Amino acid sequence: MSLWSHRDFRLLWAGDTISQFGSKIGRTVLPLLAVGALAATPFEMGVLSAAGTAAFLLIGLPAGVWVDRLSRRPVMLVADFTRAALLLSVPVAWWLGVLTLAQLVVVALLVGAATVMFDIAYQSYLPALVGRDQLVEGNSKLEASRAVAEVSGPAAAGGVAQAVGAAFGVFATAVGYVASALFLLRIRTVEPPPRQPDKPGLRHEIAEGLRFVFGHRSLRAIVACTGTANFFGGMAAAVLVLFLVRELGLSEGVVGLVLSSAGIGGVLGALTVNRWNARFGQTTVIWLSGLVTWPLGALVPLGAADWRIVFVLVGEAAVAYGATVYNIAQVSYRQSICPDHLLGRMNASIRFVVWGAMPLGGLVGGVLGGGIGVTATLAVGMACQAASVLWVVLSPLRGRDAVTA
């Protein structure tokens with residue numbers, strides 16, 4: 001039975017879609033408000049940006065333990081209502097004339113923490129809601145929403161901020177989180193009660209999740225592949241806009257259109273992953289999708305402000321397409337082999353490593369860009385990102401023992 005006819009999945013999908021759009025819009029309107037209303041300096045903007053992503057490194061591992069100790073849907077509901085309340089405080093303070101940068105930083109930090117809890121909880125909740133045999137279809141639909149939000153969320157945020165002000169954009173984002181919670185409240189599926197740990201204790205439970213991930217050869221390869229790809233992808237992303245603006249001389253509007261090609265590739269990947277899975281099988285898709293698409297990223301640094309701009313478009317779209325197919329396949333695989341009582345810690349352990357690699361890659365990219373040049377740094381980043389697929393190509397995922405290895 002298709003998940004289109006699964007009422008409770010449709011509600012989860014709607015709630016998660018609104019949440020994804022809220023996250024992308026919020027990350028844009030808060031900085032816009034800081035610049036426009038508070039005249040923030042570059043250093044202050046850096047602090048605000050770091051606050052929005054710091055939660056994953058600060059609470060990423062404990063969050064997995066907390067999610068495994070609790071029912072997952074209530075965690076998502078608390079996260080949505082918490083984000084809504086925090087964001088509502090911003091336009092209220094602005095309208096009263098008491099908004100400060102310190103408040104924005106605290107709000108960004110706490111909203112980021114709630115987002116970490118929501119994301120880990122929904123990934124851990126999906127198997128109980130749809131069953132493990134429909135994980136690929138469920139993840140493909142959720143990933144399609146994330147990809148669309150990635151493309152259109154920042155543009156929508158900019159449009160709202162320009163039309164009615166950034167403060168109203170923050171207000172609209174808060175209302176969106178309330179709407180997300182209302183969808184989740186209507187889910188009727190009864191979630192199995194959380195299993196109590198054999199040896200309770202935060203340190204022990206974190207270690208149990210890490211042992212499961214890094215003691216499994218296939219999961220270890222997935223973490224290495226995703227973490228390496230994110231590191232070098234972050235390196236390339238750090239200089240991509242500089243490459244397009246300073247090296248190619250493109251206008252801001254054209255840069256926006258060029259960057260949207262990656263989002264389009266991601267949407268197409270989410271829409272076609274079921275065909276990949278039906279043709280090759282889930283474990284094969286994990287390594288094959290990156291192997292045939294990520295090397296096309298090497299075209300990006302060959303672009304120029306003429307017909308060769310096609311190299312940038314094709315390269316960006318191909319990498320995003322392959323990454324989306326890969327992510328849906330590997331997330332579904334992880335969910336299918338992980339015991340229910342470890343799902344939160346498994347997801348949190350992996351995200352802690354692979355998401356933590358991105359800001360480090362961005363830092364290295366910035367340093368290299370000033371040392372060897374923007375184009376050279378972009379070329380190194382795209383080439384090494386493509387090579388990261390070798391972790392899974394040379395892993396047990398190519399054999400029949402992938403589930404138990």
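This is a predicted model: local features need pLDDT of at least 70, side-chain atom pairs count only at pLDDT 80 or more; totals for chains, interfaces and linings use all residues.
Helix H1, which comprises residues 7-38, packs with helix H6, residues 166-185, at an angle of about 165°, and the axes of the two helices lie 8 Å apart. Because an angle over 145 degrees counts as roughly antiparallel, H1 is described as roughly antiparallel to H6. The crossing of H1 and H6 is left-handed. For the second pair, helix H3 (residues 72-96) and helix H4 (residues 101-130), the packing angle is about 160° and the axes are 8 Å apart. H3 and H4 are therefore also roughly antiparallel to each other, and their crossing is left-handed.

Helix H13 was considered in terms of its length and its buried face. The helix holds 14 residues, 374-387, which at 1.5 Å a residue should span 20 Å, and this agrees with the 20 Å that separates its end C-alpha atoms. Within H13, the residues that are buried are Val 374, Thr 377, Leu 378, Gly 381, Met 382, Gln 385 and Ala 386. When H13 is viewed down its axis, these buried residues fall within an arc of 165°, so they line one face of the helix. The spacing of such positions can be understood from helix geometry, because an α-helix has 3.6 residues a turn, so residues three or four places apart point the same way. The partners against which the buried residues of H13 pack are helix H8 (217-247), helix H11 (309-337) and helix H12 (343-372).

In helix H12 lies Arg 345, which is buried because its relative accessible area is 5%, under the 20% cut-off for a buried residue. When residues up to four places away in sequence are not counted, Arg 345 touches Gly 64, Val 65, Asp 68, Glu 205, Glu 208 and Gly 209.

Val 312, in turn, is located in helix H11, and with a relative accessibility of 0% this residue also counts as buried. Once its neighbours within four places in sequence are left aside, the contacts of Val 312 are with Phe 243, Leu 244, Val 258, Val 300 and Gly 303.

How values were computed
Residues are numbered from 1 along each chain as its sequence is written. Side-chain values use heavy atoms; hydrogens and water are left out. Helices (H or I, at least four residues) and strands (E, at least two) are DSSP runs, numbered from the N terminus. The expected span of a helix is 1.5 Å times one less than its number of residues. Buried means under 20% relative accessible area, exposed over 50%, partly exposed in between (1.4 Å probe, protein chains only). The arc is that of the directions from the helix axis to the C-beta atoms. Contact means heavy atoms within 4.5 Å. Axes are lines fitted to C-alpha atoms, for helices over the stretch in contact, and angles run from 0 to 180 degrees between N-to-C directions. Angles under 35 degrees count as roughly parallel, over 145 as roughly antiparallel, 65 to 115 as roughly perpendicular and the rest as oblique. A crossing is left-handed if the near helix is turned anticlockwise from the far one by less than a right angle, and right-handed if clockwise.
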